[in-house]
Amino acid sequence: MAESTPLIIGAGVAGLAMALGWRQSHGVTPLVCERFPVAASQGFGFLLLPRGLQALRALGVDVASELSPHPIDHVRLITPAGETLAEHGLAKGTMALDRMRLLQALGSRLDPSQLRYGYQVETLNRVESRVTTVRFRGQPDLCVDLVFGADGAVSRTRRALLERPGEPWMPGVAARVQEVVAMVDRPSLAARLGSGLLKIVVPGGGVAVGLLPLGGGNLVWFVQFDTQRHGRPSAEGALPFLERLLPAFPGWVREVIATTAPELPHHWRPLDLDPPMRLVGANIALLGDAAHPLLPFTSQGVNLALEDACLLRDLLHDTRGDAEVEAALRAYERQRLPLLRHYVAAGRLMAAHFVAPGQAEAALPVAL
């Protein structure tokens with residue numbers, strides 16, 4: 001089955017932003033294939049830094065009217081007893097956003113007939129150095145001229161780009177620091193938090209609870225924990241695990257978590273990956289978490305994904321022929337790889353401080 005190209009694999013923030021950027025520069029919505037059967041619902045909120053906001057506005061999204069952002073100007077770190085450990089100012093213009101609102105804003109600008117759910121990639125087939133067809137489970141092969149891999153941290157597109165015959169493939173190991181996250185409606189607590197993210201940390205204990213107001217009375221809570229010391233949620237669910245993990249935390253914090261609907265908390269298991277050696281091939285490029293899955297301390301994931309999409313849009317505008325497209329992709333790789341290496345190193349350093357016994361964690365907040 002032949003289809004118009006390019007093909008975007010993944011309908012999260014990176015994939016939808018790439019589709020919107022392509023529509024801006026080429027006038028048509030590219031085909032977007034997502035492995036989940038419906039639009040993604042995981043993820044609750046995150047910090048959008050000024051660079052990410054600039055990229056989002058460049059994609060034509062009216063941030064103020066469409067996303068109802070909540071300004072966040074500082075992060076305060078305290079002990080469970082209320083003692084202040086540190087306070088960080090954030091870059092002017094930093095906002096907290098609801099992830100589903102962002103996905104809806106991006107998706108509403110695209111041709112819905114080009115968004116296909118329940119398409120799980122099995123293989124990307126090549127002729128010499130070029131991807132020619134993509135095979136989906138239970139679907140006909142799709143002929144392609146250009147592929148954008150935006151299929152998350154465990155990316156089949158990244159595997160197809162980097163794997164070599166006879167060489168072992170290691171998609172990454174589970175990060176030592178994991179988290180449980182959920183969103184709740186708590187207007188009075190959100191109002192008390194104001195424009196600050198509060199993080200309650202056990203110094204040297206490898207456990208912390210964060211509270212991020214999103215506006216409209218909603219807030220995101222997240223619990224970070226060192227799995228080597230504290231284990232991880234089992235089949236019984238996240239809330240019983242957190243009840244055992246957090247006895248030293250204030251009662252009001254434990255009450256917020258305990259009264260969350262049991263099906264809502266998401267156990268996030270980030271991967272600890274070395275930076276890939278490549279982000280592109282002759283007619284394939286990685287963006288978003290497929291290109292740079294980061295540890296949960298840098299608050300950069302969504303911001304980098306939006307920037308990836310805008311940069312690819314600009315570099316590929318007015319390209320003609322295979323050689324120009326490949327040159328544009330190589331330029332993208334040259335610009336993004338150094339930044340990726342920097343954030344991988346920064347995330348690992350922050351994680352090391354978090355798990356080090358006897359040290360107060362003073363890193364910037366987790367990306368939610």
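Colleague: How many Å apart are the mean positions of the positive and negative charges of the protein chain?

Modeller: Happy to start there: this is a predicted model, where local features need pLDDT of at least 70, side-chain atom pairs count only at pLDDT 80 or more, and totals for chains, interfaces and linings use all residues. Residues are numbered from 1 along each chain as its sequence is written, and side-chain values use heavy atoms, leaving out hydrogens and water. Lys and Arg count as positive and Asp and Glu as negative, with His and the chain ends not counted; a charge sits at NZ of Lys, CZ of Arg, CG of Asp or CD of Glu. For the 35 positive and 35 negative charges, the mean positions are separated by 2 Å.

Colleague: What is the radius of gyration of the protein chain?

Modeller: The protein chain has 11 helices and 20 strands, which are DSSP runs numbered from the N terminus (helices H or I, at least four residues; strands E, at least two). Taken over C-alpha atoms, the radius is compared with a globule rule of 2.2 Å times the number of residues to the power 0.38. That rule gives 21 Å for 368 residues, so the protein chain is as compact as a globular protein of that length, with a radius of gyration of 21 Å.

Colleague: What share of the residues of the protein chain counts as buried?

Modeller: Buried means under 20% relative accessible area (1.4 Å probe, protein chains only). Of the 368 residues, the buried share is 54%.

Colleague: Which residue in the turn of the S5 and S6 hairpin has a positive phi?

Modeller: The two strands of this hairpin have 5 residues between them. The turn residue with a phi of about 95° is Gly82.

Colleague: Why is one side of S9 and of S11 left without a neighbour in the sheet?

Modeller: The open sheet has 3 strands in the order S9-S10-S11, with antiparallel pairing. S9 (121–127) and S11 (142–143) stand at its edges, so each has a single partner strand. For S9, the antiparallel pairing over 6 bridges is with S10 (residues 130–136), and Thr123 stands opposite Arg135. The reason, then, is that both stand at the edges.

Definitions and conventions
Two strands pair if DSSP finds at least two bridges between them. Buried means under 20% relative accessible area, exposed over 50%, partly exposed in between (1.4 Å probe, protein chains only).
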